[in-house]
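Here's a quick tour of a two-chain model, written for someone who likes to know the cut-offs. Have the viewer open as you read.

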Amino acid sequence: MSAAAERAAETRPALLDVRNLRIEFPTRRGTLVAIDGVSFSIAPGEVLGVVGESGAGKSLTGAAIIGLLEPPGRIASGEIRLDGRRIDDLPYDAMRKIRGRRIGAIFQDPLTSLNPLYSIGSQLTETIRTHLDMSEGAARARAIDLLREVGIPSPERRIDHFPHQFSGGMRQRVVIALAICANPQLIIADEPTTALDVSIQAQIISLLKRLCRDHGTAVMLVTHDMGVIAETADRVAVMYAGRIAEIGPVAEVIHAPKHPYTVGLMGSIPSIVDDRERLVQIDGAMPRLNAIPRGCAFNPRCARAFDRCRSERPELVDVGVVRAACWLYADAGANAHAQPRAGVAT
Amino acid sequence: MSGRGAGGAAAVPARATVAGAVELVRAERIGKTFDVSAPWLTRTLGRQPRLLLRAVDDVTFGIRRGETLGLVGESGCGKSTVARLVVGLYQLTSGTITYDGKNIDALASGRAGRVLRRRLQMIFQDPYASLNPRWRVADIVAEPIRAHRLLRGRRAVHARVDALLAQVGLAAADGARYPHQFSGGQRQRISIARALASEPEFLVCDEPTSALDVSVQAQVLNLMRDLQRELGLTYLFISHNLAVVHHIADRVGVMYLGRIVEIAGKRQLFAAPRHPYTRMLLDAIPDLELTGKARTPVAGEVPSPLDPPPGCAFHPRCPLADDRCRREVPLLKSVPGTSGAGEGGEVACHAVEEGRDGRAAKGGGEGRGVASVRAG
């Protein structure tokens, strides 16, 4: 581990620090390890994208940070620190005070994040008054300001409407207003644009970016859409089968991916700017949790796998400015420049 | 092609420009209206009017043999309804669809319908809902063979199923398993094998990769490309994802609120989009090239199809809208100034027609879309 090196690379001290997180699901047929040894940090005001395919463990990581892991899932080891203080072992009530106040959350489906029986105004003022010491009137005024800030037209009138009276894009704006209403330092956004049409998606992304810039909020943006990451994130972590395969600055990971999985993933995305006869294809599928292969979890699908990949689990090592968990880079640095984006060019 | 409106007539030279290609499917001013009124009693007691939803309105397109036509648009634009109309799952409210010169109304019944149905098949979006969970994969794939009595004898059917499974990249042994034992991508392969079982010429694909992860999507798209080349298939490919359509289609139609607003060859549409809505959609795609190109998200949302705006349905969101746009529905017309592209594009926009989009003089050859993205 060269955690110190990574911290040095980031000039700012970490707001969120996740170390060696391991999440397990005990079942009758044995324990499934869904997240295994995941470490990363987010600096204040930074947007960290977490990308991966279904089942890679990206949403689970987010849920663990806000203390919403569904039982029987549990944090088996590792620690999560917010501003230097451990939050993974807090009792329920203490965590409730942090959730919403210091860490906000935005989920994929805005309809399930809102209570259909209450007007959005009462949901907003309730949340505001739970976390901030405010009178009913002041909270309502703040709620109207928030709705205006997230771009809802005529908020004075709309505040008394119910969730079903809003369109999908407008609902997601309300959810964002709820997430930022207590000025949290960190927002966990889990697929915030996946349920939306492209034109609405563009509106929501630019809204998120503007809010983070204005308020200095850090964001952990969980998505399967590399395009959204490219537009929004400063750094990106690529997850595969419960581990981070590669993490680094977004431009570096997209243009010069190091881990063979990232190379394949980038090549498999169709684009409107190039004309390719075939997309890069990673054969097979991500392993199930009960059948994660020995060594590197990606080795059965990796064209460049060799003996060591099949027996030993690689840890993240520095490769230039990114960190990758791949034995190709065992002699980090020396090998770093010899890995062009061969797969992507075809 | 008689009896077409002034706007439709312009489509004829466009088709004539491609040498020797035979049109396999032709949709002629098709429309579909759904009755979404409340039940009769509620309506009578509550004095509510009948509610009609025009899901597809005056849509015309042709698909040449061996070609892929992509249809893109946001949710509720009517693209999936078009797919279902083309395979005869919905009855047309107006217009006609001809398949190889024959009217597909015949799909519904009779011997001719049976013959026609064999030649066109559909692949659905959700591979979890479109396969019978109680059937083994071999039975699912064999069903079209049995239904159309294409082969006689258990052994022959069995051999054909094995060959089909191999063709889509599955093992023969997979035939004995049930759909739940497969991942999403594998299920979509099963759907494709089933669609191919009746040896069709034409496949309607309704968002076939939308439920899949990108790496699996790449596998399925590659497979569809390979099959098209091997079997000479013709595709109607419906998707909300512009990049996927760009990858797979030869020509692309853009739909908005039940109408095609622009249809053109892929290169032309993506390099030099003309309709303001097409330009907005292309601008809205997240930029993987990291050029830092400023995206200008267009304000507003798709209006309710129950109460579409008068005139051009896009006018409330359109920067070029004027009085005529608010009054008069624009018809698809071939675009002047798109010469030499080899494929005529058609646009339904008053501003483009009148040259108010500030683009006509320059010609459609160079587009801001690609040019600005490539600059990085």
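## Ground rules

This is a predicted model, so to speak of a local feature here takes pLDDT of at least 70, and side-chain atom pairs count only at pLDDT 80 or more, while totals for chains, interfaces and linings use all residues. Residues are numbered from 1 along each chain as its sequence is written, and chains are lettered from A and ligands numbered from 1 in the order in which they are written.

## Chain A overall

Along the principal axes, the C-alpha trace of chain A spans about 65 × 50 × 45 Å.

Chain A has 14 helices and 12 strands; these are DSSP runs numbered from the N terminus, with H or I and at least four residues for helices, E and at least two for strands. Of its 346 residues, 48% count as buried. Buried takes 20 or more other C-beta atoms within 10 Å of the residue's own, exposed 12 or fewer, and partly exposed lies in between, with C-beta atoms placed from the backbone. Of the contacts in chain A with a separation of 6 or more, 63% are between residues 24 or more positions apart; a contact has C-beta atoms, placed from the backbone, within 7 Å.

## Strand 10 of chain A and its partners

Six of the seven residues in strand 10 (residues 243-249) of chain A are buried. Six bridges tie strand 10 of chain A to strand 9 (residues 235-240), antiparallel, and V238(A) sits opposite E246(A). Pairing needs at least two DSSP bridges between the strands. The hairpin of strands 9 and 10 of chain A has two residues between the strands, and A241(A) takes a positive phi near 50 degrees there.

Strand 10 of chain A also runs antiparallel to strand 12 (residues 322-324), joined by two bridges. Here I247(A) faces R323(A).

## Chain B: sheet and helix pair

In chain B, four strands make an open antiparallel sheet in the order 2-1-4-5. Its edge strands are strand 2 (52-64) and strand 5 (102-103), each pairing on one side only. Five bridges link strand 1 (residues 23-35) of chain B to strand 4 (residues 94-99), with G31(B) partnered by S94(B).

Helix 6 (residues 137-147) and helix 7 (residues 154-167) of chain B pack at about 115 degrees, axes 10 Å apart. Axes are lines fitted to C-alpha atoms over the stretch in contact, and angles run from 0 to 180 degrees between N-to-C directions.

## Where the chains meet

The contact takes 36 residues from chain B and 34 residues from chain A. On the chain B side, helix 9 (214-231) supplies the largest share, eight residues.

Note on methods: Two residues are in contact if their C-beta atoms, placed from the backbone, lie within 7 Å.
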